[in-house]
Amino acid sequence: MLLTKRDQSNRTLAKKISVLQLCAVVFVTILIFFITNVAAALAVAVGGLVGYLSSAIYLRVALKPLDNMNPNKVVSRFYKGGALKFVTLFALFFVALKITKEISQEDYMIFLLAGLVVSQLVHAIGPVLIKPGK
């Protein structure tokens with residue numbers, strides 16, 4: 001399938017935002033590892049990964065090739081992507097808390113949420129940080 005210039009630009013921007021998200025989560029995880037301990041760093045990494053995966057699913061649904069599509073259909077994709085992101089976020093948090101007993105403790109929940117916040121913040125401000133065409 002031949003992509004339009006706008007679709008190619010959207011796909012490139014989505015990839016750059018995803019890479020930026022992962023880099024930010026890795027950076028904060030390493031920083032927390034050196035400041036606190038391994039369990040806190042693991043909690044940050046898991047929270048960041050949950051945020052990253054839910055954002056990746058959102059981007060995948062919302063930014064399918066547009067091909068002169070009806071604007072209402074484009075908007076509905078963003079709503080579907082947002083709803084799927086929300087459901088995925090809760091499901092992944094549930095799984096993460098079930099399989100990792102150590103980060104399920106109250107002491108590490110703030111680190112789990114910090115990883116999620118970093119990931120989502122980078123996802124939200126990524127388009128501002130990344131210059132078009134670079």
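Here is a short chat about some labels used for this predicted model.

Author: Quick ground rules: the model is predicted, local features need pLDDT of at least 70, side-chain atom pairs count only at pLDDT 80 or more, and totals for chains, interfaces and linings use all residues. Residues are numbered from 1 along each chain as its sequence is written, and side-chain values use heavy atoms, with hydrogens and water left out.

Reader: Why is the Phe-86 and Phe-90 pair called edge-to-face?

Author: Rings of Phe, Tyr and Trp (its six-membered ring) pair if their centres lie within 6.5 Å; planes under 30 degrees apart are stacked, over 60 edge-to-face, the rest tilted. Phe-86 and Phe-90 sit 4.8 Å centre to centre with 75° between the planes, so edge-to-face it is.

Reader: And what makes Tyr-108 and Phe-111 tilted?

Author: Their planes are 40° apart, at 6.3 Å centre to centre, so they pair but are neither stacked nor edge-to-face. Both lie in helix H4, three residues apart; helices are DSSP runs of H or I, at least four residues, numbered from the N terminus.

Reader: Why is Phe-90 called exposed?

Author: Its relative accessible area is 52%, and exposed means over 50%, buried under 20%, partly exposed in between (1.4 Å probe, protein chains only). Tyr-108 and Phe-111, by contrast, are both buried.

How values were computed
Helix = DSSP H or I, 4+ residues; strand = E, 2+ residues; numbered from the N terminus.
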